Amino acid sequence: MLLLLLYKRTPLATLQHEPVTQPIEFDHRHHVADDGIDCRYCHNTVETSSSAGYPATSVCMNCHAQIWNQSPYLDLVRKSYFTGQAIEWKKVHRLPDFVYFNHSIHVAKGVGCVTCHGRVDEMAEIHQGPDMQMSWCLDCHRNPKPNIRPRQYITAMIDPAPGQGTFETHFSESGSNTSQSPTTMNDVHSRTSCTTCHR
Amino acid sequence: MTRAGLLFVGVLSLAGCPVESDIDPMMRQEKMKPYWPNDFYSDNRAMRIPPANAVPRERTLAALTPPPVTAALVERGRERFDIHCAVCHGFAGDGDSVVASKMSLRAPPSLHSDKLRGYTVAQLFEVMTQGYGYMPKYDSEVSVADRWAIANYAKALQLSQRASLDDVPADKRGDLDKPVQPAGEKGEQHGGEHHGGTSQHSENKE
């Protein structure tokens with residue numbers, strides 16, 4: 001039994017760091033780092049909905065009607081656009097079905113994309129950064145302070161390295177005014193009731 | 001077989017299992033969440049497409065009339081412009097962006113041409129709603145309220161790019177000669193845009 005419990009926590013079972021091959025060779029490095037496209041251009045429901053949103057094929061075609069519009073790499077995109085058949089993107093971060101995760105509240109409270117998803121601008125194929133065990137959720141729900149940033153930096157891929165401090169320490173130390181702290185500004189509190197996530 | 005042996009076989013058989021068939025029966029449930037596949041419908045989507053000619057609830061007559069211009073509206077417009085428009089039109093609205101440089105048919109125009117400077121806020125709103133030429137429509141990506149905000153910010157951007165010294169309030173002119181503070185980090189150009197935003201705001205109020 002102990003072995004089983006241990007196995008469940010290894011990356012073998014949590015699928016941590018496992019690149020997911022998608023039906024289309026979509027490269028986040030190119031779209032985020034080279035083109036400088038904000039996360040929310042494609043994932044445009046992240047601030048208003050539980051799901052960040054997979055872009056509709058029409059969003060791809062906003063640019064790809066003109067760019068790479070002959071490329072065989074994008075055959076599936078054009079096929080989906082003209083037939084209305086959805087592209088079956090593979091889910092990378094999948095929580096158990098009894099967890100009711102909501103993107104919009106995390107973004108509103110100042111949890112940056114990079115905090116949970118890692119340096120997406122450096123990933124060819126997206127992989128799951130954290131192990132997504134309940135203890136990982138609770139670490140932050142018990143003490144959110146180190147992971148809260150001002151809302152205008154929500155999609156910034158800056159990851160304060162260890163020793164360089166977090167947004168929280170940066171803002172509360174540099175400014176004499178502690179009301180500048182993102183935790184205070186975004187009204188962030190610890191949330192550890194079971195019903196916060198489980199219903 | 002010993003207990004340890006059974007365990008070993010159990011773990012081995014699990015190792016080949018995808019996470020989908022987890023030992024916890026509540027892990028995967030028969031229900032629908034956004035973007036999930038669902039065999040019930042012929043197109044395999046849990047999310048349904050609204051019937052033809054359906055009108056979103058947010059598109060009321062009140063929402064389609066231009067809202068009063070406030071600093072908060074223009075500021076919201078700046079944020080949304082930088083997400084949805086700057087990708088092609090550039091952060092300064094001059095049509096200079098990485099994506100634009102790769103467009104083979106027709107690159108997005110600068111917003112600072114005489115023609116586009118003549119556009120009213122409502123015309124800019126319509127371009128976003130219906131598209132124009134090679135520009136696709138953005139009515140499903142950008143909400144009605146945000147389209148008004150962006151249109152107003154675009155007007156502010158236009159003012160900022162052709163601003164003269166006369167547009168700067170007399171008591172602020174002294175600040176222009178000062179060197180940019182290193183703490184600002186964003187540089188002179190961004191600061192200039194900001195002044196444009198505020199001056200437009202005050203103009204519309206008067």
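**Entry 1: a covered helix**

I began with what lies over the buried residues of α5(A), and I found that the cover includes α3 (28-34), α4 (39-42) and α6 (75-83) of chain A, together with α4 (98-101) of chain B. A reminder to myself before going on: this is a predicted model.

How many residues of helix α5 (residues 57-64) of chain A are buried? I looked it up and got 7 of its 8, so I noted the helix as mostly covered. The buried ones are Thr57(A), Val59(A), Cys60(A), Met61(A), Asn62(A), Cys63(A) and His64(A).

Next I turned to a spot on the surface. Met1(A), Leu2(A), Leu5(A) and Leu6(A) form a nonpolar patch there, and together they have about 450 Å² of accessible area. I picked out Leu2(A), which sits in helix α1 (residues 2-8) of chain A.

Is Leu2(A) buried or exposed? Its relative accessible area is 64%. The cut-off for exposed is over 50%, so Leu2(A) counts as exposed.

**Entry 2: chain B as a whole**

I then stepped back to look at chain B. I listed 9 helices and 0 strands, and reading along the sequence gave me the pattern α-α-α-α-α-α-α-α-α. Chain B has 206 residues, and buried residues make up 32% of them.

How do helix α3 (residues 71-89) and helix α7 (residues 144-161) of chain B cross? I found that their axes come within 7 Å and cross at roughly 95 degrees. Angles of 65 to 115 degrees count as roughly perpendicular, so I wrote down α3(B) as roughly perpendicular to α7(B).

On the α3(B) side, the residues making the contact include Leu73(B), Val74(B), Phe81(B) and Cys85(B). On the α7(B) side I noted, among them, Ala149(B), Ile150(B), Tyr153(B) and Leu157(B).

**Entry 3: a loop residue in chain B**

Last, I looked up Met26(B), which I found in the loop between α1 (3-15) and α2 (61-64) of chain B. Its relative accessibility is 48%, so I put Met26(B) down as partly exposed.

Which residues does Met26(B) touch, not counting those up to four places away in sequence? I found Asp97(A) and Phe98(A).

Technical notes
Residues are numbered from 1 along each chain as its sequence is written. Chains are lettered from A and ligands numbered from 1 in the order in which they are written. This is a predicted model: local features need pLDDT of at least 70, side-chain atom pairs count only at pLDDT 80 or more; totals for chains, interfaces and linings use all residues. Side-chain values use heavy atoms; hydrogens and water are left out. Patches are made of residues with over 30% relative accessible area and no salt bridge: like charges are joined within 9 Å, nonpolar side chains (Val, Leu, Ile, Met, Phe, Trp, Tyr) within 5 Å. Accessible areas come from the Shrake-Rupley method with a 1.4 Å probe; for residues, only the protein chains shown count as cover. A salt bridge is a side-chain nitrogen of Lys or Arg within 4 Å of a carboxyl oxygen of Asp or Glu. Helices (H or I, at least four residues) and strands (E, at least two) are DSSP runs, numbered from the N terminus. Buried means under 20% relative accessible area, exposed over 50%, partly exposed in between (1.4 Å probe, protein chains only). Contact means heavy atoms within 4.5 Å. Axes are lines fitted to C-alpha atoms, for helices over the stretch in contact, and angles run from 0 to 180 degrees between N-to-C directions. Angles under 35 degrees count as roughly parallel, over 145 as roughly antiparallel, 65 to 115 as roughly perpendicular and the rest as oblique.
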